[in-house]
Structure formats: C-alpha cells, structure tokens
Amino acid sequence: MSSQNFKVFWDEVIKQIHSEFISSNNPGDFEIWFGRIKYVEDNGTEITVSFPSDFMFNFMNSNGYISKIQTKIKDICGQDISIKPNYEKEIPNTENNLNKKIIPNNNPEEILEEVSTNLSKTENNLNSLIKTEKTHSQLEDKYTFEKFVVGDNSEYAYSASFAAAKEPGKKINPLLLYGGTGLGKTHLMKSIGHYIFNNPPEGKENIKICYVSIEPLLNEFTSSIKNGTPEKFKNKYRNLDVLLLDDIQFLRDKRGLQDELFFTFEALFHKNAQMVFTSDRPLSELNGIDERLISRFALGNSIDLQPPSYETRIAILQKKLELQKKSVPQDVIEFIAKNINSNVRELEGCLNKLINYAELLNKPLTIEIAKKQLSDSITQFNDGTVTIDTIQKVISNHYNISLGEIKSDKRSKKLVIPRQIAIYLCRTLTGYSFTEIGQEFGGRDHSTIMYSFEKVEDLLKTDETLNTTIEMLSKEVKEYIPK
C-alpha cells in the first residue's frame, strides 16, 4: 500500500535546496531541475519521484542532485532512503470511476443513470487529454518540444526552455540560447512559443506571440519610419506577451533598431512578458551592440548549445525517421552519425537525401550507396580534427604567403584578405572562441578577430566567387595531410 510517511521530510529538503540556489543567485537553475520533479509516494524505505524523462533523472543523478536529496533526508530523519524514478504520465482510472460508488439497491433505472453519469465523466476526462493543438502562423508544427531530441549537449537548454514555456515571464526571463548553426536554437525558441500558444496562462486566452528575426524586424522598423507610422510599430511590439527574437548578432551597428529594441525590452520586462533571444555566439563576443542592450540580454539565463554527441546524433536520426514514418538500415544511420558531427541541420539533410534517392530509384539503401551519394557532404579527416595551425598552413600555401606573414601586423591587401578568410575558417571549422583564435594570429584582440569574421560573413552574402573559394578551401583543410 502506498503512503506518504516521508512527504514532510521531502518538502523540507526541497525547501532547503531552494534556499541554497537562491543564496548562490541561481534560482532559475533550481526551477529547471527541482521544479520539474514531484513526490509521488513512499513505502518506508524508498521514495517514488516523478521525473519528466529518464535522461533528466540520469543527469541529476550524475551531477549529485539525487544524492544531495538522500543525504539531507537522512540528516533530518536518520534513515537511508532510496529514490525511485517514475516516468509514467497520469491517466484517468476509468475502472475506479465506474465502480467507486456503491449503488444501494437494484433499481435498473438508477443503475443505468449511475453508469451513464460515470461514463460521461470518464469521456470528459479522456477528452481533456486529447487536446487539439492550434497552429500559430509563425510557428511551424515541426518545432515542438516533443520533436526535439534531447542529448547531453542540449539538456540544460531544453529544460530551461520548457521551464520558460510552462511559466512565461516568471522563472526564466529573458532566455538567451546561443551556439553554432543548426544546433536547435530556433527549434527550442519556436517550441516555447508553440507551447505557450496552446497552453496560455490563465486569463491570457488571446495571448500575443511574435517570432521574428533581425532582418525582417529591421525592414519593418525602417518602413515604419519611412511611412510615418513609428507608433504602430511601437504598439505592436511593446504590447506583446511573448517576443521570440532570432539571430541578435545581426543587430550589429544598427543603432536605430537597437534603441527601439532597448525601449521595447524595458516595456516587456516590466509587464513580465516572456522574451527569448538566440545568437550564434555568447554575449561577450557580440560586437557593435550598445552595452545597455547587452546588459538587458544578460538579465536572465544565457545557455549554449554544443554539437551533439555520436549517441545523440543516432537518436536524432531515429527520431526523424519515426516522424517521417520511414526506415533506413542501422548501419547507414551509424555511417551518417559518424561522419556528420557539426549540426542537426546537416544530419537531417543527408538523411533526406538518401531517403529521396532510395524512393525515386526504388532501391534499398546500402553503405556503398550512402558513401557515394554523400561524398560531397562527407570528407574523411586525416585524424578527425581540424586545427588552427592546419587552416593557417592551407591558406598560406593557397595564397603563397608565409605563416609569419599571416600572423603578422602587416596590413597590405595581399595579406589582409587571406588573413580574414583564415580567421573565418577557424571560427566555422573549429570550436575555438574569438579570443583563442586571436592568440594564434599574433595575439590580436578578440574584437579584431570578430571584425574579420563578420567582414567575410557579410561578403559571402553577395560574392559568389568568394563562396566558391571558401568551399574549396574548407575541403582542402579537411583533407589536409601533414608533411
């Protein structure tokens, strides 16, 4: 028989842990981990606790949170207690609903009425679980929490995003998600919007949610000034309940929009509207953005997403196949996961390419076919690692300049462009920060390195020749064999 003999001890321990997180100025982290677990029951030696997923239980266990709970309970009651995870969702007990009332007599009409009433209640309970989700015009159905594969690279970001969605404007606000291209930032951002749109806070049935990236926001802002309608722009964004702003790194040097966004932030923050931002780099590396705006972005949680591990890449591919109701041989899945390790978007692209090939030609997929069809996407590295030194050597050889020159302070056109391209490749092909890259280029300041990267990034938008050159040099770097 279940009981709650240790419920009072559990509550006291969670209260103590909460106080510790507040004292260390990390209340948001408490909500992410301890705010999502629930005491269910105990049997005298074991407490059953509800966890959203086995991954979350394993993460909390490996980080010492489970043992912390056990130790504190023992300190209070003097007894060793184990924690049993439970991942099952509660569903209505239809049998109990039908039989919980004892009918005092055998009157057929009364029996029929009672059964009918209980069936109606049961149907209502079940219908409450089968909720038809609405679709927001800016939030695609493919971007939901259910369709996001959580790995060790993204568990924290996922948990923070889910916490922000459950209690918008309260626990995790603002939330900044940053990391490289294709790692899931936009997926999580839109998942937050999708969840809030379908589960609005009480009294907010007509909740106002807007997803927008910097370029269209800039166009809209510029048009409002040109057309003499700045108030309309202000009213639209300052009265939102949820603002989802993608790619804030492109705010660089857009002073007018930065000023407007600052006041928009102030208005939304003081009305407890939920704000979520994404960037391809941490706040410390955002250049050309007003310091007062940077300080506002830093008020909440800033969380990075790293490239997924091999096991997570396998899980992502399997999830994509499940959603598409497709089947691919396991060895082909493993081949893709082994060779595409940069981001989720490339993983999905390679998988779709193979599926389309097999379906169009009505051929079963094999490793040989996968290798041939993905040869332009997969390059065998000599040792699986791209280094700054390798990039510098490839660029030096290609432009016929010395390693000393590429690292020097010389600013001749012959050196500046190759140096900027080398810096761009270092940032896109390795995991080094701007500061670390600067150390390898003569001890340059991180802002100088950032400028070089952004210069090439801007040129790539209009210069097809440079795009071709970058692709060719990237391939040379990946195929480089030291002499």
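Trainee: Which residue in strand 3 is the bridge partner of I47?

Mentor: I83 in strand 3 is the partner of I47. Before we go on, this is a predicted model: local features need pLDDT of at least 70 and side-chain atom pairs count only at pLDDT 80 or more, while totals for chains, interfaces and linings use all residues. Residues are numbered from 1 along each chain as its sequence is written, and side-chain values use heavy atoms, with hydrogens and water left out.

Trainee: What counts as a strand, and when do two of them pair?

Mentor: Strands (E, at least two residues) and helices (H or I, at least four) are DSSP runs numbered from the N terminus; two strands pair if DSSP finds at least two bridges between them. Strands of a sheet pair through backbone hydrogen bonds, either parallel or antiparallel. Here, strand 2 (residues 46-50) and strand 3 run parallel, joined by five bridges.

Trainee: Which way do strand 1 and strand 2 run, and how many bridges join them?

Mentor: Antiparallel, with four bridges. D42 has I47 as its bridge partner in strand 2. Have a look at the hairpin too: three residues sit between strand 1 and strand 2, and G44 takes a positive phi near 100°.

Trainee: What is the order of the sheet of five strands?

Mentor: That open sheet reads 5-6-7-4-8, and its pairing is parallel. Its edges are strand 5 (209-213) and strand 8 (301-305), each pairing on one side only. Neighbouring strands there are turned by 15° against each other on average, direction ignored. For a pair to zoom in on, take strand 6 (residues 242-246) and strand 7 (residues 274-279), which are parallel over four bridges. L244 stands opposite V276 in strand 7.

Trainee: Where does N272 sit, and is it buried or exposed?

Mentor: Buried means under 20% relative accessible area, exposed over 50%, and partly exposed in between (1.4 Å probe, protein chains only). N272 is in the loop between helix 11 and strand 7, and its 51% makes it exposed. Its phi is near 60°, a positive value in a residue other than glycine. N362 gives you another such case, with phi near 55°. You'll find N362 in the loop between helix 15 (344-361) and helix 16 (367-373), and at 69% N362 is exposed because its value is over 50%.

Trainee: Which class does N339 fall in, buried or exposed?

Mentor: N339 has 18% relative accessible area, so it's buried. It belongs to helix 14 (residues 330-339). K74, in helix 4 (residues 65-77), is partly exposed at 40%. K74 and F9 are 65 residues apart in sequence, yet 9.3 Å apart in space, C-alpha to C-alpha.

Trainee: Which peptide bond is cis?

Mentor: The one from N173 to P174, with omega near -5°. P174 lies in the loop between helix 7 (155-166) and strand 4 (175-179).

Trainee: How many cavities of 30 Å³ or more does the structure hold?

Mentor: One. Rolling a probe the size of a water molecule over the atoms shows where empty space is left. On a 1 Å grid over the protein atoms alone, a cavity is a set of points where a 1.4 Å probe fits but cannot get out, and lining residues have an atom within 4 Å of a point. Points are joined across faces, edges and corners, and the volume is the space filled by probe spheres set on them. The largest cavity holds about 60 Å³.

Trainee: Which helix gives the most to the lining of the largest cavity?

Mentor: Helix 11, with four residues. Helix 10 (230-238) and helix 11 (255-270) each supply at least two. Among the lining residues are F233, Y237, L257 and E260.

How values were computed. 1 Å grid on protein atoms, 1.4 Å probe; cavity = no way out; pocket = protein on both sides within 12 Å on 5 of 7 lines; lining within 4 Å. Axes fitted to C-alpha atoms, helices over the stretch in contact; angles between N-to-C directions.
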